[in-house]
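Here is a short briefing on one protein chain. Have the sequence and the 3D view open as you read.

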Amino acid sequence: MIDMVYRLGPDCDVDDIVEGQVYLGKVHGFAAFGTFVHLNDRIKGLLHKSNVKTEKKERDQILVQINQIRSNGNIDLREIQLPETSYETQLITKKIMLSRLSDLKNKIGRNVIIEADVVQIKQTSGPTIFTVCDDSGVEDAAAFTEAGVRSFPEVSFGDIVRIFGEATRRNNQMQVEVADMYVLKGAEANTIRARINRALEARAEPPDVSPLVKSAVLDALWPEMRKLAKIVRRAVLTQQPIILRHHADADGICAAVSVEMAVLQFIRDNGGDPDQDNFLFRRSPSKAPFYEIEDVTRDLDLMLKDHVRFGQKLPLIFLMDNGSTEEDMPSYKMTEVYQLDVVVADHHHPDEKIGRYLLAHVNPYHVGGDFGVTAGMLGTEIARLIHPEVEQKILHSPSIAGVADRSEAPELESYLALINGKYTRDECKDMALALDYEQYWLRFNDGREIVKDILNMNNAPERHNLLVSLLVTEANAAIEDQMNTMMPHVKDQVLSSGANLFLADVEMFAHRFTFPPPGKSSGEVHDILCKRYENQPVVTLGLGPDFAVIRSRGVKMNIPQMVRSMRDEMPGAGISGGGHLVVGSIKFVEGMRSEVIAKMIEKISEFPVEGV
Ligand code: MN
């Protein structure tokens, strides 16, 4: 009884076949005396016409038994007929010499065998491109049947495959030209998958660096930062796209640009090309300091289309200088539906409810720190954990972020000391202002190269100087004009707590839809008043038609808590908002404006002033 049919792998030769056994072959031509049958690309036999049982045409599959292997190497076959359910097929492979993807560059023009995980399948107008990942790296394998036709349709995303092919170089990237490819199953696949996973775990482990500055907060956050960096490194190593969302202010930009520099360099150093595969990494500024429904919807729309079109993994979402608060909840419910990986590095006061949606959450409040350790500081340290080679390029980023967010944490002084002789505090302030000004006009665009020029990360110091000085001049002129317009209309009162309260109307007595926007305008008004009322507690409200921006100094505010209690006490006012403890914003419906403002003043009066 025959119940086993063998199929020869492309690497097998005549030593691998056995007389009497049945093989799966392919008809490869006809002659007067019989039919030629290929058992693989190198082994062919003859089926004498007396041994033919069925009518076949070229390229048909055929079952043949080895009659005899002659001393001259000729192989005599006879056709076998078996009902399809009566036999099993087994692949015969040589004791194979596996190649590793990282070693392809040393094997150009040679045949290689690769065992790897299929992480992406892209059909081009020419070949099908299988992006594969083994224990050493990620590369493309190109297979061609016919232009635009999917090769190896039985291979799908996530399969473990064995590829036979030739190592080539294409557009400066290594590639395998596929001759044949099999999906591996069962224990064999599991063993390979485990091997790839173990290697990835090790390669994703961040390098052994410690914080740039002495800081108890950073030391305490370090394990979580390492965990986050590892998730990002693993995403790069497995070809998972990364969407980096960040608050569109100077602190958020500094945080995100540092990480962007590190991730792009890490992709390049691992054989990827972020400029060609621009879907591998995307940086997107968010207007609000939280992940808005509008943002998550846009991200989901793009990523799901890419998922279908390019057979691409769903991305890792990385939120910086946003993502920690209750206001992020609606978006997290969306990411949960699609089971997206989300990580956060933020210094806004965290809400504990959001923890379950995140794979990693770096926030100074978790370890007794506060917003003074800004997102830009966290971002620069995380960037070093992702790829320390970028350190020198981003060394000034935490200082710009720190002065931009008015950090009073001791860390800022230490970061400034690191760049002593390169940048002064005022130069950092200028870069921060230039970033805010330029981002206003960039709106939702990341402005990658302009932003790098502002931050002097493009190796063009002269252009950097010209650009920053131009933007600072323009921004200051716009701010001065706005302040000249607003200040005469500012109303003041002294609260029962002893704090000075100022109301600035950013709707009726300010230029709208230009720089500085309401939040910035309110901050500038607040700064002028803080100088005027030196050493006194000051609260400034920038009032719009349906929102208010809150700035304070010297008052023990808790804005998120205030917003929550107002929402409970004022049904029908449509209240939402939050922010930091002492700096934030609130939204409401226009028809309840005066009631909301009155209630807000009442609440602010209840916060004690500092040092009393
Ligand atoms: Mn910030």
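A510 counts as buried, because its relative accessibility is 13% and the cut-off for buried is under 20%. The model is a predicted one.

**Around A510**
- A510 sits in the loop that runs between β19 (500-505) and α13 (518-532).
- Beyond its neighbours within four places in sequence, A510 contacts Q482, M486 and D505.
- N484 is 26 residues from A510 in sequence, and their C-alpha atoms are 9.4 Å apart.

**Domains**
- The chain has four assigned parts: domain 1 (3-92), domain 2 (101-195), domain 3 (207-421) and domain 4 (490-606).
- Between the C-alpha centres of domain 2 and domain 4 the distance is 59 Å.

**Nonpolar cores**
- The largest nonpolar core holds 100 residues.
- M225, L228, V259, V263, F318, I386 and L435 have the most contacts inside this core.
- Helix α3 (residues 250-269) supplies the largest share of the core, with 13 residues.
- Another core lies apart from this one; it has 28 residues, including L543, I550, V596 and F607.
- V259 touches L244, F318, M320, G379, I382, A383 and I386, leaving out residues up to four places away in sequence.
- In soluble globular proteins, nonpolar side chains tend to be buried together.

**Nonpolar surface**
- I293, M334, V337 and Y338 make a nonpolar surface patch of about 360 Å².
- V337 belongs to helix α5 (residues 329-337).
- Is V337 buried or exposed? V337 is exposed, because its relative accessible area is 62% and exposed means over 50%.

How values were computed:
Residues are numbered from 1 along each chain as its sequence is written. This is a predicted model: local features need pLDDT of at least 70, side-chain atom pairs count only at pLDDT 80 or more; totals for chains, interfaces and linings use all residues. Side-chain values use heavy atoms; hydrogens and water are left out. A nonpolar core is a set of buried Ala, Val, Leu, Ile, Met, Phe, Trp, Tyr and Cys residues joined through side-chain atoms within 4.5 Å. Buried means under 20% relative accessible area, exposed over 50%, partly exposed in between (1.4 Å probe, protein chains only). Helices (H or I, at least four residues) and strands (E, at least two) are DSSP runs, numbered from the N terminus. Contact means heavy atoms within 4.5 Å. Patches are made of residues with over 30% relative accessible area and no salt bridge: like charges are joined within 9 Å, nonpolar side chains (Val, Leu, Ile, Met, Phe, Trp, Tyr) within 5 Å. Accessible areas come from the Shrake-Rupley method with a 1.4 Å probe; for residues, only the protein chains shown count as cover. A salt bridge is a side-chain nitrogen of Lys or Arg within 4 Å of a carboxyl oxygen of Asp or Glu. Domain bounds come from an automatic or database domain assignment.
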